[in-house]
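Here are some exercises to work through with the sequence and the 3D view side by side. Try each task yourself before you read its solution.

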Amino acid sequence: MKEFQTVKEIFGPIIYVEGVQDAAYNELVQVIAPNGEKRQGQVLETSAGMAAVQVFGPTTGLDTKETRVRFTGESLRLPVSDEMLGRVFSGAGVPIDKGPALIAEEKLDINGSAINPVARAEPRDFIQTGISTIDALNTLVRGQKLPLFSGSGLPHNELAVQIARQASVAGKGGGGKEDFVVVFGAMGITHAEASFFMQDFEKTGALERAVLFLNLANDPSIERMITPRLALTAAEYLAFERDMQVLVILTDMTNYADSLRELAAARQEVPGRRGYPGYLYTDLANIYERAGGIHGKKGTVTQLPILTMPDDDITHPIPDLTGYITEGQIVLSRELHRKGIYPPVDALPSLSRLMNLGIGAERTREDHGGVSSQLYASYAEGRDLRSLVAVVGEEALSERDRKFLAFANAFEQKFVTQGRYENRDIEDSLELGWELLASIPEGELKRVKPEHLEKYGMKYRQGNYVHKRKTADETLHAKHGRKEHESSGHAQHGTEKHSWESDKTAGRKTQAGQKHPGKKIAARTKITRKRK
Amino acid sequence: MVQGVLSRISGPVVQATGMRGSQINELVKVGEMQLLGEIIALKGERASIQVYEDTSGLRPGEKVEGTGAPLSVELGPGLLSGVFDGIQRPLAAIREESGDFIARGVQVPSLDRKAKWQFNPSVKNGSHAETGDVLGTVQEFNIEHRIMAPAGVKGKVEGIQSGKFTITHAICKIGGKEVTLMQKWPVRLPRPVREKKHFEPPLVTGKRIMDTFFPLAKGGAAAIPGPFGSGKTVNQTDLAKYSDTEMVVYVGCGERGNEMTEVLETFPRLVDPKTGKPLMQRTVLIANTSNMPVAAREASIYTGITIAEYFRDMGYDVAVMADSTSRWAEAMREISGRMEEMPGEEGYPAYLGKKLAEFYERAGRVWCLGSGSHNRSGSVTVVGAVSPPGGDLSEPVSQSTLRVTKVFWALDSALSRRRHYPAINWLKSYSLYLGELREWYEKNVSPEFYELRGQAMALLQKEAELQNIVQLIGPDALPDKERLVLEATKMIREDFLQQNSYDEVDAYSTLRKQYWMLKTVLHFHSKANSALALEVPLAKILESPSRQKIAVLKRTVDKDVEGKCRAIIHELDGEFAK
């Protein structure tokens with residue numbers, strides 16, 4: 001290991017070190033401040049005699065005289081093992097839950113490598129999230145990357161935890177019910193938001209099957225460059241070496257992209273759209289593409305990144321480039337949220353590209369594709385009519401049009417709307433779809449196959465048939481669950497003290513029985529952010 | 001060979017000194033790991049090199065070796081059904097070498113060196129041969145792989161014989177030079193042709209909106225721009241599956257890994273209707289996904305089109321699907337930015353337009369090179385997807401593309417949101433091949449085909465105007481004649497233009513079927529129009545049972561369509577006669 005005391009320039013998060021002859025590109029660096037504090041960094045640019053290093057931490061306190069820089073000769077690696085489950089790490093990968101140090105089985109390069117396209121297994125196993133707008137209309141499959149496009153103040157966190165809680169491999173395709181391991185990567189979210197996630201994971205016992213990497217809003221922003229990579233490295237290890245089904249939640253990707261912009265600006269690079277660097281697409285792709293399955297391996301990595309669209313603008317570079325990389329998107333709508341609809345998923349711009357692989361007779365039900373397409377078309381028609389009604393009034397509409405208008409309202413109220421603890425299985429969602437479609441004239445149902453209409457839809461058109469729903473176990477929580485989850489915003493969590501420790505018993509029933517190493521530590525999860 | 005030393009590393013572009021004597025675009029091996037790179041700028045003894053693999057871990061002082069040759073692809077038996085990365089490294093062989101994840105510095109030849117191919121000569125010893133002449137054939141699946149005399153040879157054929165050879169084994173000598181089954185060609189140089197031909201038969205895609213409304217000629221170039229989620233990739237894979245081309249080169253340039261997997265897993269299962277063999281056997285896949293190195297993404301488009309030109313030179317019709325050219329342009333922008341070049345519009349290099357034009361100009365229908373082979377012609381058709389940021393077509397890549405492509409299939413997110421697929425907007429799209437293809441359509445489909453097409457387009461245009469009025473005053477305020485237009489265009493949209501790629505029957509429509517479907521819909525409109533003139537109320541007209549029958553035509557198998565349509569037309573005539 002070579003050490004230099006020749007820092008020439010400090011500029012934002014970047015320091016320039018003179019006299020370094022052969023630093024390796026992307027090499028891990030230790031920066032030692034005059035007061036002895038150690039920080040990590042990475043070589044951004046290297047030439048004979050000079051290296052530019054980005055520091056994952058504040059540059060406050062560094063100087064050009066006594067600061068020492070050590071070049072480790074290694075790339076940035078994450079120690080991994082089974083013991084990671086139930087643990088909480090900082091955004092730089094240091095345990096912050098007061099648990100014992102991790103005994104690494106392996107140390108993996110956090111940048112990963114591209115999965116060989118030939119080795120990829122086609123994602124086709126249906127994941128049941130229990131949310132109708134996702135399961136029936138925008139089906140998620142194992143190995144997919146499906147982001148939540150949200151806006152500030154919308155309940156994306158609630159939806160993300162609900163998905164994490166309810167996601168299971170049900171249906172005929174997967175081999176029975178299997179729960180997901182959650183890897184959670186937080187970039188620049190507030191303490192209140194982090195505490196919301198932690199509390200919910202803890203309550204349902206999911207924490208024991210979760211690995212958390214937390215970079216909060218007051219943590220160094222450049223550290224966000226590595227947080228998602230750490231999370232995905234852990235996820236890949238658990239999925240491909242340990243055969244687990246992994247669900248990765250990354251929030252908030254907007255903060256990540258902003259850090260990338262900050263770094264690019266500090267390097268005085270030519271800015272692209274809205275000041276983001278031209279390689280934002282490539283950089284985001286290196287994160288999002290780390291999802292999928294591999295032939296011959298049981299585990300899969302499914303990604304659920306969350307991003308808030310600045311000013312709800314879907315053409316902003318971050319959602320725009322994300323949409324080009326991910327396999328669809330779930331878009332939350334402020335309009336629906338204002339109407340009090342939860343989850344406020346706007347079905348029309350939402351899409352799951354891999355849906356057709358995960359549905360059908362062998363996986364969900366034979367009528368799934370048709371019902372979904374019909375619901376879409378009818379809802380789109382009803383939505384269009386709304387703007388017409390605003391101009392000409394409802395009376396001017398024909399009988400047929402009024403039916404579509406009523407359908408759109410019923411669709412939002414009954415199909416989209418569901419409780420925070422309501423876990424609808426796919427059968428229920430599809431039956432609900434047929435029930436609503438019964439109000440549409442038969443001649444207009446062009447998207448469903450006639451035989452499916454006969455088999456599934458006719459009973460609703462003929463009389464007062466009521467589908468008997470299976471009661472999902474999670475609905476119990478709605479009654480016993482704590483009230484604040486039902487209310488909107490999560491600001492109040494932030495004011496609660498020890499919120500992650502409270503009420504340990506509440507939700508343990510469901511998953512606490514499962515044995516897993518690391519669960520001893522799970523209980524002690526109060527975060528104390530002490531950095532060296 | 002020139003040997004230099006790395007002096008600066010920052011991302012995918014590195015610099016080396018001591019490189020005097022190397023050529024621009026020369027392939028070099030960078031560092032201890034021997035990563036592949038290409039020289040993109042030279043200044044004195046300094047060279048800028050774009051590296052086709054991740055540069056992490058490279059250090060100043062490591063050596064850089066020249067190879068003396070530009071980036072080239074290997075052309076010969078073994079290409080078909082192959083899956084390669086952007087610089088034609090075989091991904092299956094890489095997997096064997098380095099496992100499920102792509103490691104760096106893996107050195108595998110593009111084409112299998114060990115496989116032996118049965119070569120059957122078609123020229124005799126002592127005959128004269130020159131560049132482009134077919135020397136013999138190798139059967140690759142059910143495709144006749146024609147072995148052509150490579151560039152720069154001319155003279156008497158000696159020692160040619162049939163037998164099993166590896167691709168590097170000499171099969172004969174021409175003018176004293178050894179010729180093998182395999183040849184090499186630099187990717188950035190278009191392969192020469194004897195002469196370009198005019199465009200004639202259309203590329204029949206089986207998609208009604210494409211074939212009927214906006215046809216693409218064989219040898220032509222088309223652009224599919226659209227925002228994310230509007231169906232660029234689905235349309236491209238459908239074209240690869242169903243279009244009547246003899247070979248497909250599918251370039252996944254900076255796109256999703258799972259999509260490549262979908263192609264990889266579905267194509268071997270799908271059967272080419274003409275040959276009855278798996279589609280994969282007529283396909284070459286270039287897969288450079290978005291997380292694979294950016295420089296190789298830049299090269300992937302050239303690799304793809306060079307392979308396509310090679311098959312064209314044998315006399316085949318080849319289609320190139322480039323998905324997406326925007327990612328390619330962005331790769332250029334990234335490299336240009338790292339080179340600190342003066343940026344043009346939106347940070348793209350000033351030569352963006354030139355590069356796009358050069359690429360699309362490599363499409364064409366040609367008389368192939370070779371002596372006395374005027375009877376051999378082939379074509380390369382290029383379909384490029386464009387991914388404009390925010391769906392805004394005013395951006396440089398879309399605009400530069402539209403200047404050089406003659407077919408524009410405009411994808412529309414408003415259509416895809418209501419699940420109207422293919423989400424091609426019929427008002428914004430255009431095809432400039434209509435004039436050249438008219439004769440062909442009138443001769444091979446029906447003399448009245450263009451007229452029907454014109455009528456349908458006029459109705460759709462009228463609908464757009466009426467919609468503006470409806471938005472203001474509601475549909476009831478329109479006179480019956482105009483409401484009938486809205487009903488008729490609704491039938492055109494829903495019963496003709498909409499096509500389900502996932503429905504076994506509907507996914508592909510023959511031109512005959514398209515013609516009869518359109519004819520029937522328009523016949524309904526004209527009959528209803530005359531009935532209106534006789535003061536039959538519109539509501540009564542719309543009750544016609546034939547409408548239901550028209551709606552299910554798309555799910556009717558091809559051979560029954562004509563009969564059914566004739567029956568419906570007959571019924572309509574009867575109905576409205578009352």
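**Exercise 1.** How many salt bridges are there between chain A and chain B?

*Solution.* Begin with the rule: a salt bridge is a side-chain nitrogen of Lys or Arg within 4 Å of a carboxyl oxygen of Asp or Glu. With that rule, the count between chain A and chain B is eight. For an example to find on screen, pick the side chains of B:D495 and A:K446, which form a salt bridge with an N to O distance of 3.4 Å.

A note before you go on: this is a predicted model, in which local features need pLDDT of at least 70 and side-chain atom pairs count only at pLDDT 80 or more, while totals for chains, interfaces and linings use all residues. Residues are numbered from 1 along each chain as its sequence is written, chains are lettered from A and ligands numbered from 1 in the order in which they are written, and side-chain values use heavy atoms, with hydrogens and water left out.

**Exercise 2.** Describe the interface of chain A and chain B, starting with its contacts and its area.

*Solution.* Step one is contact (heavy atoms within 4.5 Å): 81 residues of chain A touch 77 residues of chain B. Step two is buried area, the accessible area (1.4 Å probe) that two parts lose on being put together, summed over both. Here that area is about 6300 Å², and carbon and sulfur atoms give 50% of it. A:Y25, A:P117 and A:Y324 supply 12% of the area that chain A buries against chain B, more than any other three residues.

**Exercise 3.** Where in chain B does B:D272 lie, and is B:D272 buried or exposed?

*Solution.* First, locate the residue: B:D272 sits in the loop between α4 (257-266) and β21 (283-288) of chain B. Helices (H or I, at least four residues) and strands (E, at least two) are DSSP runs, numbered from the N terminus. B:D272 has a relative accessible area of 6%, so it is buried; buried means under 20% relative accessible area, exposed over 50%, and partly exposed in between (1.4 Å probe, protein chains only). Then look at the surroundings: leaving aside neighbours within four places in sequence, B:D272 is in contact with B:K277, B:L279 and B:R282.

**Exercise 4.** What can you say about chain A as a whole?

*Solution.* Start with the elements: chain A has 17 helices and 21 strands. Then turn to burial: of the 532 residues in chain A, 61% are buried.
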